[in-house]
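Below are some notes for a colleague who is opening this structure for the first time. They take up the sheet and then the charged pairs.

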Amino acid sequence: MTFLENLMPVQTLPSFDKKIQLICFSHLRWQFVWQRPQHLLTQASKAYSVIFVEEPHYVPHCQAHMQIEETPEGVTIATPILPTGLAPNEVIIMQRVLLNMLVISSEAVTRIAWYYTPMALPFSKQIPFDAIVYDCMDELSAFKGAPTNIGKLEHELLQKADVVFTGGHSLYEAKRRLHNNIYPFPSSIDVSHFGKARNSSLVDPLNQKDIPRPRVGYFGVIDERLDTELLLGLARSRPDLHFVMLGPVVKIDPATLPKLKNIHWLGQKHYTELPSYLAHWDVGFMPFALNESTKYISPTKTPEFLAAGLPVVSTPIRDVVRQWGHQGLVEIAHGIPDVASKIDTALTTKARKVWRERVDQKLKTMSWSTTFADMNSHLGKVLRPDTVKRDGAGNQLSPMAVARHV
């Protein structure tokens, strides 16, 4: 039996009342840290039938199949389950076959591709989409362990994409000459969710309630973008401050994280739990390293901290300085003494009525629904639902042939 013969039939997809299907290809799993893709695709699910295609899970001796799961947000997650031991080219072929089977099983009339990773291109480019979106939320090529061919595949994706969005202004400036229909969309905010943290009656979580104050907190992925040397030096110089660190440790050895009595690594928390933690912090902290992986980031947590009512101290990340620092809404600090000084300043900022009013005025202009509506407006200008679909030889394809075409 060849690896292609070891396939299970595709699971039945949910019945959709929307005839336009949006298929998202992501390097992040839906149940990972809740961030830009989840927010935007939850909004998209109000207008489109959204399928979120994850990277494969590998299981020894399994029969390859596409695992289908529906989320409370109205998004369908499709995860390829593949046997271990496949060669790289076999993984691509298997994902291509499973994706084709998935497309065949759906009733969509019009299909949109929404890419977060160029690495999905080799197994998806055979599908004749009516529009292709590249939401470039990060410079993935700069991340630790990035595939060597990601730059080449991004170039190909930029050639195919009808519209490109970037996760911030710095990334837009780096990419704007690579596409003639590109727009910056910094991450937005769910004000009502993080605004719950302003309610002082929220119960302090059990694993946090005995941590002394003042508490300086961070939440998010803990990886090479975090300046652990800065954190260690700061904690040593200021034993009176307690640093609460929430999030999964990814791509770095947990054993290398600084261990001091006033640094508290509490692990990953669900999105719904975050307001309870933030409600009992005194300062939001963004100790990002200044390296290639942070050169173009536009941290979602900046407005999330502010919506929670927390003053924020950040290292000089370009988009944070431009969008928040220049307006005096976030304290920007360089090095251990300056960070310590700015934290002291922030500890008195929370009580400033004028600062809170300015923060709230800024946040009133932001929401994920508005961000997606603006993106969708650009998408609507390039969507081609009536375009006749053809194969590589120029032959017109029937709907079933479109789905089967490789």
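1. Two strands are taken to pair if DSSP finds at least two bridges between them. In this predicted model, five bridges join strand β10 (residues 215–219) to strand β11 (residues 242–246), and the two strands run parallel. Within this pairing, His 242 of β11 is the bridge partner of Arg 215.

2. Helix α7 (residues 228–237) packs on the sheet, where it touches β11, β12 and β13 (283–286), and its direction makes about 150° with that of β11.

3. The open sheet itself is formed by six strands in the order β12-β11-β10-β13-β14-β15, with parallel pairing. Because β12 (263–267) and β15 (331–332) stand at the edges with a single partner strand each, one side of each is left without a neighbour in the sheet.

4. The whole structure holds 16 salt bridges. One of them joins Glu 54 to Arg 29, with the closest N and O atoms 3.2 Å apart. Glu 54 lies in the loop between β2 (49–53) and β3 (57–59), and Arg 29 in the loop between β1 (20–25) and α1 (36–44), so the pair ties together parts that are 25 residues apart in sequence. Glu 54 counts as buried at 7% relative accessibility, whereas Arg 29, at 25%, counts as partly exposed.

5. Arg 322 forms a salt bridge with Glu 173, the closest N and O atoms being 2.9 Å apart. Since Arg 322 belongs to helix α10 (residues 318–325) and Glu 173 to helix α5 (residues 169–175), this pair ties together parts that are 149 residues apart in sequence.

6. Finally, Glu 139, Glu 154 and Lys 175 are linked in a network of salt bridges.

Key: Residues numbered from 1 in each chain as written. Predicted model: local features only at pLDDT ≥ 70, side-chain atom pairs only at ≥ 80, totals over all residues. Heavy atoms only, no water. Helix = DSSP H or I, 4+ residues; strand = E, 2+ residues; numbered from the N terminus. Contact = heavy atoms within 4.5 Å. Axes fitted to C-alpha atoms, helices over the stretch in contact; angles between N-to-C directions. Salt bridge = Lys/Arg side-chain N within 4 Å of Asp/Glu carboxyl O. Buried < 20%, exposed > 50% of the residue type's maximum accessible area, 1.4 Å probe, protein only.
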